[in-house]
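Please keep the structure open alongside the text.

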Amino acid sequence: EIKACLFDLDGVIVDTARFHYIAWKELANDLGFDLSEEQNEQLKGISRMESLEIILSLGGITLSEEDKLERAAKKNVRYLELCQQMTPDDTLPGVRAFLEELEKASIGIGLGSASKNAKVILERIDMLSYFETLVDGNRVTKGKPDPQVFNLGAADLQVNPADCVVFEDAVAGVQSAKAAGMFAVGIGDRAVLTEADIVVPGFANFGLEDLQQQFKQTGT
Ligand code: BG6
Ligand code: MG
């Protein structure tokens with residue numbers, strides 16, 4: 001029985017992935033190389049500093065710890081500047097209606113994100129009030145694909161992992177959900193999110209009834 005839903009933020013609730021990409025691309029360009037969209041896919045769900053390490057290794061570049069921290073901080077300033085153009089209308093289609101369905105059904109709602117900016121972003125798009133708990137990049141010590149982020153969310157909401165559904169757009173995030181023993185709904189492309197229990201393109205044509213049905217059929 002579904003007792004709680006845990007949502008990733010970037011790429012599930014709101015399309016911030018394009019802003020992360022712009023800001024990372026600028027960082028790479030400053031260092032004299034480019035970052036492709038395909039390479040960017042590997043960064044989804046991964047923490048800021050881990051993402052930087054991946055980008056540096058893609059560019060074959062070594063930096064001092066101090067330089068890394070400075071560049072990561074600069075990237076974040078740029079990212080937040082880009083995020084300022086967002087409004088509540090940038091919430092991905094169908095998300096608000098889906099969360100309202102969950103509220104009505106008294107199903108717990110939590111956030112499980114690698115981002116340290118999660119709260120600011122949720123405020124910006126006026127979605128903060130839906131969440132009973134936020135597990136974000138300021139709380140987790142082990143990033144996705146480790147299950148910690150979703151385990152903490154389930155503990156906060158006092159539900160068993162088997163009664164939790166996770167919504168994720170990143171490969172690492174789906175792995176994290178499965179490692180936590182939860183039902184994983186991939187948001188995006190089935191060919192990419194191969195480990196998800198089900199994959200849907202988004203919440204536009206997906207409601208609680210659809211989820212309950214799939215959970216019964218596919219879940220344990
Ligand atoms: C994840 C994003 O949600 O958060 C990553 O998918 C991002 O792209 C990561 O790097 C960390 O975010 P932030 O906001 O703390 O830099
Ligand atoms: Mg994501």
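A residue is called buried when 20 or more other C-beta atoms lie within 10 Å of its own C-beta atom, and exposed when 12 or fewer do. The model is predicted, and by this criterion Asp8 counts as buried because it has 28 C-beta neighbours inside 10 Å.

**Annotated positions**

- Asp8 lies in the loop between β1 and α1 (17-30), and, leaving aside its neighbours within four places in sequence, Asp8 is in contact with Gly45, Gly112, Ser113, Phe167, Glu168, Asp169, Ala170 and Gly173.
- Asp10 is also placed in the loop between β1 and α1, where it counts as buried because it has 23 C-beta neighbours inside 10 Å.
- Leaving aside neighbours within four places in sequence, the contacts of Asp10 are Thr16, Ala17, His20, Ser113 and Ser115.
- Glu168 belongs to strand β4 and is buried, with 31 other C-beta atoms within 10 Å.
- Beyond four places in sequence, Glu168 is in contact with Asp8, Val12, Gly173, Val174, Ala177, Ala184, Gly186 and Ile187.
- Asp169 sits in the loop between β4 and α8, and its 27 C-beta neighbours inside 10 Å make it count as buried.
- With neighbours within four places in sequence left aside, Asp169 is in contact with Asp8, Gly11, Val12, Lys44, Ile187 and Gly188.

**Strand β4 and its partners**

- Five of the five residues of β4 are buried, and the covering extends to both faces, with Cys164, Val166 and Glu168 on one side and Val165 and Phe167 on the other.
- β1 and β4 run parallel and are joined by four bridges, with Ala4 standing opposite Cys164 in β4.
- β4 also pairs with β5 in the parallel sense, over four bridges, and in this pairing Val166 stands opposite Ala184 in β5.

**Nonpolar cores**

- The largest nonpolar core has 46 residues, and those with the most contacts inside it are Val165, Val166 and Met182.
- The elements that give two or more residues to this core are β1 (4-7), α5 (95-104), α6 (118-124), α7 (148-156), β4 (164-168), α8 (171-179) and β5 (183-187).
- A second, separate core of ten residues includes Trp24, Ile46, Leu52 and Ile55.
- Val165, with its neighbours within four places in sequence left aside, is in contact with Ile2, Cys5, Met182, Phe183, Val185, Leu211 and Phe215.

**Helices α7 and α8**

- The buried residues of α7 are Val149, Phe150, Asn151, Leu152, Gly153 and Ala154, and the buried residues of this helix pack against β1, β2 (108-112), β3 (133-135), β4 and α8.
- Gln158 follows α7 and has a positive phi, near 55 degrees.
- Which residues does Gln175 touch, not counting residues up to four places away in sequence? Found in helix α8, Gln175 touches Lys144, Pro145 and Glu195.
- Gln175 counts as buried because it has 20 C-beta neighbours inside 10 Å, and a residue is buried if 20 or more such atoms are present.
- From C-alpha to C-alpha, Gln175 and Leu52 are 21 Å apart in space, and in sequence they are 123 residues apart.

Key: Residues numbered from 1 in each chain as written. Chains lettered and ligands numbered in written order. Predicted model: local features only at pLDDT ≥ 70, side-chain atom pairs only at ≥ 80, totals over all residues. Core = buried A, V, L, I, M, F, W, Y, C linked by C-beta atoms within 7 Å. Contact = placed C-beta atoms within 7 Å. Pairing = 2+ DSSP bridges.
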